[in-house]
Amino acid sequence: MGKSMYNFGKRAKEKARQQKQMEKVSKRIMAKQQKANIKAGTPNAGSDIAEPGLMEEIVKSIA
């Protein structure tokens, strides 16, 4: 008897759920940063460069 493919669908679904959670967290953090930038009156031009590195750190810390 071989392994059934029953767990394959569950794993894919769980992985998709976790990915969606990660995207939500990243969007929430970016929104907070933008809100802070607006309140502080700092320009957003430099933040576009810094955000990808910050997002990688966040993903690594969560995973």
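Me: Which residues gather in a patch of positive charge on the surface?
Reply: We're looking at a predicted model here. Lys and Arg are the residue types that count as positive. On the surface, a patch of positive charge is formed by K20, K24, R28 and K32.

Me: Is K32 buried or exposed, and in which helix is its place?
Reply: Anything over 50% relative accessible area counts as exposed. K32 comes in at 61%, so K32 is exposed. As for its place, K32 belongs to the helix that covers residues 6-40, and that's helix α1.

Me: How many salt bridges does the structure hold, and which side chains meet in a salt bridge?
Reply: The structure has one salt bridge. There, N to O is 2.5 Å, and the cut-off for a salt bridge is within 4 Å. The side chains that meet are those of R17 and E14.

Me: Why are R17 and E14 separated by about one helical turn?
Reply: Both R17 and E14 are in helix α1. They're separated by about one helical turn because, along that helix, they sit three residues apart.

Me: What share of the chain's residues count as buried?
Reply: The chain has two helices and zero strands. Its accessible surface is about 5800 Å², with 59% of that belonging to carbon and sulfur atoms. To be buried, a residue needs to be under 20% relative accessible area. Of the 63 residues, the share that count as buried is 10%.

Note on methods
Residues numbered from 1 in each chain as written. Predicted model: local features only at pLDDT ≥ 70, side-chain atom pairs only at ≥ 80, totals over all residues. Heavy atoms only, no water. Patch = residues over 30% accessible without salt bridge, like charges linked within 9 Å, V, L, I, M, F, W, Y side chains within 5 Å. Areas by Shrake-Rupley, 256 points an atom, 1.4 Å probe, with all protein chains shown as cover. Charge placed at Lys NZ, Arg CZ, Asp CG, Glu CD. Helix = DSSP H or I, 4+ residues; strand = E, 2+ residues; numbered from the N terminus. Buried < 20%, exposed > 50% of the residue type's maximum accessible area, 1.4 Å probe, protein only.
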